[in-house]
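Here are some notes to read beside the sequence and the model. Please keep the structure open and look up each residue as it comes up.

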Amino acid sequence: MTNNQSKIRRPWLKPRQTIPTQVIMDPQLDLSQGSSRALTPGIVVTSPGSDGVRKGKMARLKNLLPNWSSHSIASSSIGPHDLQQSSNPVALAHEIDAAQQELDSARLVPPVARHAVGLVGGINTTVSQIDTISSTYIQPLKTFNTVVSTIANIHPYAQMALGILTSAAQLIIMQANLDQSISALLLKVQSVYEFLLEEDTLSNLDAMKDSLARIAQVISNCAQFVTNYSETKNFWKRVGKNFASETQTAVDDYNKALDALMQRYRDRAVRDMHINVYRVLEDLNLDGMAYASGAGLNTTKKCLDGTRGEILQEIVDWIHDPDVNAPRIFWLHGQAGRGKSAIAHTIALWFKNVGGLGSCFCFARDRQTERRHEKMLSTIARDLANRDPAFRRALAKVIEEDNTLKTTPDVMQQWEKLLAEPLSKVSGGIVGKVVLVIDALDESGAESSRQHILSVLTSMEAAFLPSNFRILLTSRPLSDIAPALGKAQHVKAVSLDDVSAIFTARDIRLYVSNELGAVEDIGDREINEITCRADGLFEWARLACEFVKPNTLGRTTEERFNELITRASGEGATLLDSMYRSILDNLMEKAGQTGLARFHSLMRQILNTLEPLPMVGLHVMRKYFPHESDHFRIGIILDFMGSLLSGVTDRSMPVRPLHASFFDFLTDRSRSGDYFVGESDIEMDIAVASLRVLRE
């Protein structure tokens with residue numbers, strides 16, 4: 001175990017007594033600036049009777065919130081692991097009282113200011129009137145930041161959304177001047193935060209976390225638009241657009257989206273809905289910048305809802321940790337099949353859905369020939385530029401000064417120029433945290449392929465990245481990765497191998513129940529047996545479910561289950577190997593030597609093709625292989641390998657191993673035996689066939 005691992009104790013691994021730790025707050029992220037008590041009372045637009053309504057809401061909130069215990073999203077005195085610590089009901093009531101007093105002390109807006117709001121930028125207002133309007137809009141945002149700091153013990157996805165909403169509110173509050181021409185948008189933002197403070201909204205945060213995430217996403221874009229409005233107007237003028245018309249279009253789109261999402265929340269609608277979000281990205285010269293296609297987020301890999309709650313909670317807590325000395329990197333490691341990628345893709349998906357600024361980059365064993373390690377940081381930089389206008393401008397300026405940075409394979413230059421330098425200039429204007437997810441670093445290739453990546457991740461520059469910067473990294477603890485990351489003080493190392501067997505078994509059982517619950521002859525006994533035999537490996541459980549499902553001619557579900565249990569033995573990689581042999585033995589039982597030879601031929605092609613191809617591409621190429629024995633319809637093999645390979649059920653997708661452990665199994669003779677797949681002369685066959693396809 002590494003030094004860092006020995007320091008980390010997780011409550012979901014072993015119970016412990018929590019001790020409050022002193023946290024150094026970053027002034028840039030100090031949400032107390034948004035507290036009602038810390039700011040001069042603003043001026044609130046009210047309607048007759050609204051004062052009593054507001055008092056009633058705040059009184060109901062006081063009764064509602066003490067029931068939510070544990071740490072808070074913006075807490076400065078509770079550590080990120082103290083999941084069981086309860087909030088003080090007296091303190092919560094005091095927070096609500098403070099917010100209510102702030103609202104009680106608000107004055108009605110003078111008629112002239114109310115008239116200015118109604119005109120929505122139709123006339124020129126004085127500076128004092130604009131200041132009055134600004135105070136009007138931001139008051140509910142201040143109140144929200146006060147109240148939300150008392151909310152806890154909610155789903156980590158909802159917690160992530162509240163974090164974005166808090167940061168967006170803080171960013172708008174900090175704007176020195178709010179342009180009158182976007183006052184209609186600010187009025188809508190005000191109404192959204194008032195809606196979020198309603199008792200009915202707060203009491204359903206978990207149930208409506210998807211809608212909350214979409215609201216956070218649109219509000220995040222609104223905050224970006226407000227923050228960058230001056231530069232955006234200049235851009236519109238430069239390209240000859242009518243900025244007043246463009247502004248009205250943007251405001252209308254945002255308002256329409258927010259109205260639809262609030263109504264969806266009120267209706268408790270769980271169906272997904274398409275929301276058009278207005279975005280302005282200046283046409284800056286980023287064309288030709290190296291980018292790794294197909295290396296991004298894969299939503300099909302996310303965790304099953306309701307599973308992996310403890311580790312997901314720990315990661316979300318780490319993301320939102322306000323301590324300026326919080327580790328910038330979270331290294332999640334463990335043996336093959338533990339579910340590292342599922343966790344990584346879940347975090348990336350959540351953060352994208354709530355409107356956070358981030359990127360997801362995935363290595364893959366079958367894509368090593370693309371040299372993704374040379375494109376990782378440039379791809380991440382492009383992703384950030386596509387999400388944030390200020391970062392895009394900063395990146396374009398760096399490239400304008402040195403155009404060779406677009407295609408340089410130099411990882412050190414990419415880190416310094418394409419990421420660190422632009423981030424240092426814009427980090428204060430970013431909504432929430434910047435979260436980068438790097439999945440499966442161990443699949444980058446040989447040790448030399450990740451040598452420079454490990455160098456930058458463990459450097460002092462990485463240790464002192466902006467305090468709102470986070471990197472979630474997953475890998476197996478290989479001999480070059482573990483020593484490098486394990487000793488870095490700014491890296492938080494967490495092993496999935498150390499997770500309590502109770503929690504892992506609970507999650508695997510939920511997964512197996514979800515997959516096999518409706519299958520005839522499968523009951524609690526069978527589900528419990530599969531859960532026990534999985535021994536903490538989610539990949540084994542997935543394969544087991546596919547094995548048991550009734551998809552073989554002449555075999556009952558009960559017979560397949562009994563065969564699975566008879567063969568399941570061993571632990572770790574041995575258990576996965578046993579599962580792979582069981583599946584292949586079952587497939588080849590009646591195939592004979594001809595079927596086995598065709599399996600070898602086809603798998604050699606799949607594993608050695610530089611660019612993975614869909615089934616139709618593989619079939620076309622095989623027509624030009626020199627040996628007649630290779631000319632067969634590939635469906636007679638692949639149609640039965642959907643549990644092991646992608647691109648079988650969805651034939652538009654490339655055919656490749658679903659899990660890296662299957663690649664390792666096939667290419668190691670000591671593990672795969674008769675199913676070993678060597679290179680043989682397949683590379684020459686592929687080269688000749690490729691040339692003939694291109695020619696014809």
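1. A residue is called buried when its relative accessible area is under 20%, exposed when that area is over 50%, and partly exposed in between. Please bear in mind that the model is a predicted one. Because its relative accessibility is 38%, Glu 559 counts as partly exposed, and this residue is found in helix H23, which covers residues 557-567. Glu 559 also belongs to a patch of negative charge on the surface, where it gathers with Glu 520, Asp 521 and Glu 558.

2. Helix H22, residues 538-548, deserves a careful look, since 10 of its 11 residues are buried and the helix is therefore largely enclosed by the rest of the structure. Among the buried residues are Phe 538, Trp 540, Leu 543 and Phe 547, but also the charged pair Glu 539 and Arg 542.

3. That pair forms a salt bridge, in which the closest N and O atoms of Glu 539 and Arg 542 are 2.7 Å apart. The two residues are 3 places apart in helix H22, so about one helical turn separates them. Glu 539 counts as buried because its relative accessibility is 9%, and Arg 542 is buried as well, with a relative accessible area of 17%.

4. The count of salt bridges comes to 29. One of them joins the side chains of Glu 421 and Lys 425 at 3.6 Å, N to O, and both residues lie in helix H16 (residues 411-426), 4 residues apart.

5. Another salt bridge joins Asp 664 and Arg 476 at 3.7 Å, N to O. This pair links distant parts of the chain, 188 residues apart, with Asp 664 in helix H28 and Arg 476 in the loop between strand E4 and helix H19. Asp 664 is buried, at 16%, whereas Arg 476, at 22% relative accessibility, counts as partly exposed.

6. With a relative accessibility of 6%, Arg 308 counts as buried.

7. Arg 371 also has a positive phi, near 55°, and its place is in the loop between strand E2 and helix H14. At 43% relative accessibility, Arg 371 counts as partly exposed.

8. Finally, the count of disulfides comes to 0. Of the cysteines, Cys 222 is buried, at 0% relative accessibility, whereas Cys 532 is exposed, at 59%.

Key. Residues are numbered from 1 along each chain as its sequence is written. This is a predicted model: local features need pLDDT of at least 70, side-chain atom pairs count only at pLDDT 80 or more; totals for chains, interfaces and linings use all residues. Side-chain values use heavy atoms; hydrogens and water are left out. Patches are made of residues with over 30% relative accessible area and no salt bridge: like charges are joined within 9 Å, nonpolar side chains (Val, Leu, Ile, Met, Phe, Trp, Tyr) within 5 Å. Accessible areas come from the Shrake-Rupley method with a 1.4 Å probe; for residues, only the protein chains shown count as cover. A salt bridge is a side-chain nitrogen of Lys or Arg within 4 Å of a carboxyl oxygen of Asp or Glu. The place of a charge is taken as NZ of Lys, CZ of Arg, CG of Asp or CD of Glu. Buried means under 20% relative accessible area, exposed over 50%, partly exposed in between (1.4 Å probe, protein chains only). A disulfide is a pair of cysteine sulfur atoms within 2.5 Å.
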